[in-house]
Amino acid sequence: MKKKNIAIVTGASSGLGKEFVKLLSAKKGLDEIWIISRNEEKLKKYKEYGINRLSIGLQSANDKILKKIGRIHDYKQFEETFFYARKCGFKNINVDLMIGLPTQAVEDVKQTLEKIIQKNPEHISVYSLIIEEGTIIEKLINENKLQLPDEETERIMYWTVVNELKENGYNQYEISNFSKKTYESKHNTNCWKQKQYIGLGTSAHSYLNKKRYSNTNNIEEYIKNIQENNISKNITIHEEQTEESTMNEYMLLGLRMIQGININEFKQKFKIDPTIKYKEILEKLQKENLIQITKTSIKLTKQGINFGNIVWEEFI
């Protein structure tokens, strides 16, 4: 598997060791090395190591909302990190935002967008809040101590994001991702195109040889198994794909992309035409005005973007 990019996920208190620095210094042929971090003291070192893309998780410029969702940062800290990143020479910065947050209103989203657009990052990701089972947020919502925006309000939030970013020079290339020209995330795009990737470190996920697996989250166990040459003990396999499930996933992932699925690329990979393979499903979705089919592609309509889950469920 040819190495093209490296994505590094690190917490605010973590660092990069000497051995990892050696890996980065041998980065020939890599298009993109990016990191998720808010620790401004380490940003200069990261830049020196050859990291060329930075992702900053803001979520919202409203400090009250950040506190409600348990974030430990505030907007001022984000501004300081962004300023320092630019000062260190980072010319490819992503900002992560969220919609559908507790007590969040459309006006909150507009104000956050206005502030971030003024910063002029090269890339902006905007995801809806997903309530994970067993979390504090889920508990508070169930106890009616937190309220989420209704579906219609969240839909207005989403199209506010799409329209505002388009007007300010950002191209939407995936359901939740927007970029200036040539600044699309290579790592994430490869994931949506079902390319293989290897995750290193605790809790890292991989996709290799039609297998999706993750590493243990226990760092002592992880290190011990490596030292004892029992690397397989670190791995939990979540899925071993058949040809059928691989095709289904390819459709699901590809329909997240605004340009949709390239029919010729599907043919080359699977030796079958997707419009024939999924004829009944595609005809149904087309009648419901959820997808658009041309000679070269299959993609979501605006209605399909609104109700993407209905489309994707057809391929699960």
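Strand 9 (residues 211-215) and strand 10 are joined by five bridges in the antiparallel sense. Strands are DSSP runs of E with at least two residues, and helices are runs of H or I with at least four, both numbered from the N terminus; two strands pair if DSSP finds at least two bridges between them. The model is predicted, so that local features need pLDDT of at least 70 and side-chain atom pairs count only at pLDDT 80 or more, while totals for chains, interfaces and linings use all residues. Residues are numbered from 1 along each chain as its sequence is written, and side-chain values use heavy atoms, with hydrogens and water left out.

Two helix pairs were examined by their axes, which are lines fitted to C-alpha atoms over the stretch in contact, with angles from 0 to 180 degrees between N-to-C directions. The axes of helix 4 (residues 75-88) and helix 5 come within 12 Å and cross at roughly 15°. Helix 4 and helix 5 are therefore roughly parallel to each other, angles under 35 degrees being counted as roughly parallel, over 145 as roughly antiparallel, 65 to 115 as roughly perpendicular and the rest as oblique. Their crossing is right-handed, that is, the near helix is turned clockwise from the far one by less than a right angle. The axes of helix 10 and helix 11 (residues 263-270) come within 12 Å and cross at roughly 165°. Helix 10 and helix 11 are therefore roughly antiparallel to each other, and helix 10 passes helix 11 in a right-handed crossing.

Cavities and pockets were located on a 1 Å grid over the protein atoms alone: a cavity is a set of points where a 1.4 Å probe fits but cannot get out, a pocket is an open set with protein on both sides within 12 Å along at least five of seven lines, and lining residues have an atom within 4 Å of a point. One cavity of 30 Å³ or more was counted. The largest cavity holds about 50 Å³ of space. Its lining includes Gln59, Met98, Thr112 and Val161, and strand 4 (93-99) and helix 5 (106-119) each supply at least two residues to it.

The second largest pocket holds about 360 Å³ of space. Of the 18 residues that line this pocket, Tyr173, Lys193, Met257, Gln259 and Gly260 lie nearest its centre. Strand 6 (171-174), helix 8 (186-192), helix 10 (243-254) and strand 11 (261-262) are the elements that give two or more residues to the lining. Strand 6 supplies the largest share, three residues.

Conventions. Points joined across faces, edges and corners; volume = space filled by probe spheres on them.
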